[in-house]
Amino acid sequence: MPFFCVGDAATCPSEVCEDLAAKPITAHHQLIISTVTHQLGPLAGAICRTLIQSGPMSLKDISDAVHRDEEVRAVAAAAANRASATGEKTTAVPPTHQVGSSFHVNLGDIASVNDVIHEVAVKELVTRLVVHRLIHADTATHLYEIRYGSAILLRVLFPLLLHCARQQYGEAAKCVLLVVYQLGVVPPRAAVQVALSRTPSITRDAIEYAVVRMAEDGWLVPVLNSPTAAPGATTAANAARLADLAPSHPGGNADMWNTTTPYSVGLEAALHYLFNDAIEQAVAERYADGRLALTLVRALRRRIAPNSGYTEAVASFQELAAELPTTAGVRRDRSGEPRMGTDNVPSSSVEAVQRCLQRLCQPIVFYSCDTAAPMTSAAGISPSFTTMPSTRALLVKPHSQSNFYAIDHVTAVHLLQEAVCERVVYSRYGVLGVRIMKLLLQHHFLEERTLAEQSIATYVKVREVLHQMFKDGFLLQQEVPRTSALVERSAKASVYLWGLSWSATLLPVVRERLAKTLTIAWAKLREAQQQASAVAKPAAGVRPTPAAGSSINSSAAHAEEIEAQWKYGMSRNIQQALQAQRAVTGLQSCVMSLMRLLLIVDFF
């Protein structure tokens with residue numbers, strides 16, 4: 001069961017809602033707060049922290065709670081100290097209250113002015129967070145609450161969305177998505193204008209074509225209940241003007257180019273294509289058959305895409321065989337024409353598709369079979385260990401003895417999540433930790449010596465890894481008494497078994513560790529980027545040669561510079577700049593990998 005779910009079945013507060021039956025994970029809260037603080041400022045981070053800690057609140061309560069926030073008061077006090085030290089007489093907006101525009105007021109009393117600035121800044125930021133779908137505003141109760149799913153997807157994991165859109169539609173789609181991401185909601189015509197002003201190297205036709213494609217595939221969806229969409233939405237003049245605009249724009253969708261209808265990022269389509277990338281990568285790693293299995297899976301996933309023209313999610317054998325490129329493994333005669341089989345498909349392609357479909361239809365053993373059961377709640381319900389490992393296939397035949405195939409998405413999700421858990425456990429405890437995890441998922445409870453025998457490791461090493469995993473929350477321990485006497489029962493008179501539950505211990509701990517690691521990786525990446533920008537400035541200048549009467553330190557530095565020039569072929573400043581850039585590149589790759597893993601265990 002996903003921690004966050006997207007779809008028509010989701011209810012209030014938004015289309016992206018939190019599964020309240022799952023174990024609360026505070027690491028996600030810290031990840032949201034740190035990301036919003038870095039992107040939108042300390043005041044926005046304080047608002048999110050207040051709503052996370054206190055739940056739904058009114059605008060007045062939010063303002064009072066943020067005003068009492070210690071971090072905001074510390075930043076405001078530091079700004080006031082700097083202003084008094086420099087002798088500024090005007091009352092400027094503190095750094096915590098800057099939301100994109102710097103304005104100055106001089107109304108007399110400093111206390112009243114600061115209160116006015118605080119109220120205005122909080123109202124503006126709350127409105128901005130509502131537009132960006134980080135906060136849900138209930139029009140009936142006038143309460144505001146955090147939207148965990150959309151906050152993580154649109155703020156923390158947005159680089160994944162950007163990378164996926166760029167792979168799908170090109171550089172123009174990346175520019176458009178950045179505009180919609182930064183503005184929250186924007187009409188397509190305005191998005192095209194802004195993207196064109198930012199990247200003049202891309203033509204208007206390319207940007208408009210990208211907008212049409214993204215709107216057709218669900219990446220951009222209209223916000224019909226937006227206040228900006230109300231004026232002129234149903235007038236006859238507006239309808240006539242839209243009919244005139246229809247032939248002059250690509251795609252013929254006149255309503256999309258309406259200046260009063262804003263669009264936002266479609267989360268359902270974004271998650272669909274992100275899931276496509278994840279399952280395609282897993283299939284490419286699992287089935288090394290020249291990308292044939294990847295081509296078949298792509299063909300099946302294309303049939304269930306948002307706004308797809310297919311009525312069913314199944315495909316026949318002939319349709320799958322027709323998806324193959326004609327130059328890949330096709331037998332040709334002397335004239336160059338492909339030799340066709342009985343079903344108007346090249347004979348070699350028929351054989352290759354049959355073999356690949358047989359491999360994809362082979363059952364896979366899963367130990368995460370209790371994910372279909374309800375998650376363990378905080379009421380103290382013990383997890384169930386009675387289920388046995390299940391076998392499911394990646395491709396299934398919906399109709400018995402038919403020639404049609406479809407993807408079993410439950411199998412795909414289990415395949416991805418088990419791979420993520422194995423990677424997390426392996427990074428912490430090595431191969432022995434992965435063996436212990438699989439044994440306990442298969443047998444539920446085992447004794448230490450039995451685990452040592454079946455994992456082919458020493459008893460001391462297995463016990464050490466078991467205690468580390470138990471300390472980190474991965475494992476459970478069950479006491480089994482040797483006798484039925486409950487009076488004066490000693491610890492030696494019992495057997496202690498180690499257990500592991502997929503939904504109660506393993507998956508929540510993996511989510512928490514990934515969120516914590518991603519928070520640390522983001523912080524280190526920002527520090528590395530600051531260091532790289534600081535090192536790049538002196539590297540851009542030319543280092544003067546020290547004069548004859550310079551000091552010993554300058555002579556030593558000059559000698560080191562000559563040695564670095566002779567050894568590496570570049571100056572020391574350029575070498576340091578390259579090292580800093582390599583550190584930034586490595587951390588960026590680490591952050592992207594962590595975001596992919598967090599996406600799989602949180603949203604699918």
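Colleague: How many bridges join strand β15 to β16?

Modeller: This is a predicted model, where local features need pLDDT of at least 70, side-chain atom pairs count only at pLDDT 80 or more, and totals for chains, interfaces and linings use all residues. Residues are numbered from 1 along each chain as its sequence is written, and side-chain values use heavy atoms, with hydrogens and water left out. Strands here are DSSP runs of E, at least two residues, numbered from the N terminus, and two of them pair if DSSP finds at least two bridges between them. β15 covers residues 476-481 and runs antiparallel to β16, and the bridges joining them number six.

Colleague: Which residue in β16 stands opposite Q478, and which stands opposite V480?

Modeller: Take V480 to begin with: V495 in β16 stands opposite. For Q478, the residue opposite in β16 is L497.

Colleague: Which residue is the bridge partner of L446 in β16?

Modeller: Strand β14 spans residues 445-446, and β16 spans residues 494-499. Two bridges join them, and they run antiparallel. In β16, the bridge partner of L446 is W498.

Colleague: What is the strand order in the open sheet with β9?

Modeller: β9 and β13 (residues 404-407) pair in the antiparallel sense over two bridges. S316 has F404 as its bridge partner in β13. β9 (315-316) and β12 (395-396) each have a single partner strand, so they stand at the edges. The order is β9-β13-β12.

Colleague: At about what angle does helix α13 run to β13?

Modeller: Helices are DSSP runs of H or I, at least four residues. Axes are lines fitted to C-alpha atoms, for helices over the stretch in contact (heavy atoms within 4.5 Å), and angles run from 0 to 180 degrees between N-to-C directions. α13, residues 292-301, lies across β9, β12 and β13, and its angle to β13 is about 85°.

Colleague: How many disulfides are there?

Modeller: A disulfide is a pair of cysteine sulfur atoms within 2.5 Å. By this rule the count is zero.

Colleague: Is C48 buried or exposed?

Modeller: Buried means under 20% relative accessible area, exposed over 50%, partly exposed in between (1.4 Å probe, protein chains only). C164, at 2%, is buried. C48 has 0% relative accessibility, so C48 counts as buried.
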